[in-house]
Amino acid sequence: MADQTDTPLSAPTHAQSIASPINLILISLLIVLVYLRLRPKPPPTLAKGAPPIVFRTFTPLTLKPYNGENNMPVYLAVNGKVFDVSNGRNFYGPGGPYENFAGRDASRGLACGSFDEDMLTKDLRGPLDDLKGLGDEEMEAMRGWEERFDEKYLVVGKLVAVGHPEAPKEGS
């Protein structure tokens, strides 16, 4: 028994180091996370918006190209106001149920509830449709459409006849 009490406790034979493989991995991971958190970020960029739309005067001839074909916006006129209905391209653009009205004065067709081609003015160089021959109910229906368009779409211009003092000149 004397042997057991006389023996000093054994001291560790090697010193433990902080540079163990697991500690090196953890320190490296910490450095990477700190770098990712604190690194400079590129400045935010704003998405390019659509070019601004300027209110302008249209004639039936200058309105015609705005029928949604060839990546053009879709415009239509009701009671002398030209509306950008591009957001409703599925209805007013090519292949839509109201495509006849795209790039045209849709007043008579909307008033009569008809999508027929004969509701549109044939002579684009002639006078605008004066809407004669429409009854009170049809005029009220057209005003209802105009109000809906006013609420939903942007007014981008007004429609005047070719030769009107405010009409754009040929080629402009």
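Trainee: Ala77 is found in strand S2. Why is Ala77 called buried?

Mentor: This is a predicted model, by the way. Ala77 has a relative accessible area of 0%, and buried means under 20%, so Ala77 counts as buried.

Trainee: What is Ala77 in contact with, leaving aside its neighbours within four places in sequence?

Mentor: Leu63, Val82, Arg104, Asp105, Ala106, Ser107 and Leu159. Take Asp105: Ala77 and Asp105 are 28 residues apart in sequence, yet 4.5 Å apart in space, C-alpha to C-alpha.

Trainee: What share of the contacts in the whole chain join residues at least 24 apart?

Mentor: Among contacts between residues at least 6 apart in sequence, 63% do. As for the layout, the chain has six helices and four strands, in the order α-α-β-α-β-β-α-α-α-β along the sequence.

Trainee: How much of the chain counts as buried?

Mentor: Of the 172 residues, 31% do.

Trainee: And Thr59, buried or exposed?

Mentor: Thr59 sits in the loop between strand S1 (56–58) and helix H3 (60–63). Its relative accessible area is 4%, and the cut-off for buried is under 20%, so Thr59 is buried. Not counting residues up to four places away in sequence, Thr59 touches Leu159, Val160, Ala161, Val162, Ala167 and Pro168.

Trainee: Which residues in the largest nonpolar core touch the most other members?

Mentor: Leu76, Val78, Val85, Tyr92, Phe101 and Phe149, out of 18 residues in that core. Strand S2 (75–78), helix H5 (107–112) and helix H6 (136–152) each supply at least two residues of this core. A second, separate core of eight residues includes Phe58, Tyr66, Ala77 and Val82. In soluble globular proteins, nonpolar side chains tend to be buried together.

Trainee: What does Val78 touch, not counting residues up to four places away in sequence?

Mentor: Phe83, Asp105, Ser107, Leu110, Met142, Glu146 and Phe149.

Trainee: Which residues of H6 are buried?

Mentor: Met142, Gly144, Glu146 and Phe149. What covers the buried residues of H6 includes S2, strand S3 (81–84), helix H4 (89–92) and H5.

Trainee: How do you know that the reach of H6 is close to what is expected?

Mentor: H6 has 17 residues and reaches 24 Å from its first C-alpha to its last.

Trainee: How many cavities of 30 Å³ or more does a search of the whole structure find?

Mentor: One. About 100 Å³ of space lies in the largest cavity. Its lining includes Pro60, Leu63, Asp105, Leu120 and Leu159.

Trainee: What makes up that lining, by class?

Mentor: Seven nonpolar, two polar and three charged residues.

Trainee: What value is phi of Asn70 near?

Mentor: Near 55°, a positive value in a residue other than glycine. Most residues other than glycine have a negative phi. Asn70 lies in the loop between H3 and S2. Its relative accessible area is 74%, and exposed means over 50%, so Asn70 is exposed.

Trainee: And Leu131, buried or exposed?

Mentor: Leu131 is in the loop between H5 and H6, with phi near 65°, again positive. Its relative accessible area is 10%, which falls under 20%, so Leu131 is buried.

Definitions and conventions:
Residues numbered from 1 in each chain as written. Predicted model: local features only at pLDDT ≥ 70, side-chain atom pairs only at ≥ 80, totals over all residues. Heavy atoms only, no water. 1 Å grid on protein atoms, 1.4 Å probe; cavity = no way out; pocket = protein on both sides within 12 Å on 5 of 7 lines; lining within 4 Å. Points joined across faces, edges and corners; volume = space filled by probe spheres on them. Nonpolar A, V, L, I, M, F, W, Y, C, P; charged D, E, K, R; others polar. Buried < 20%, exposed > 50% of the residue type's maximum accessible area, 1.4 Å probe, protein only. Contact = heavy atoms within 4.5 Å. Core = buried A, V, L, I, M, F, W, Y, C linked by side-chain atoms within 4.5 Å. Expected span 1.5 Å × (residues − 1).
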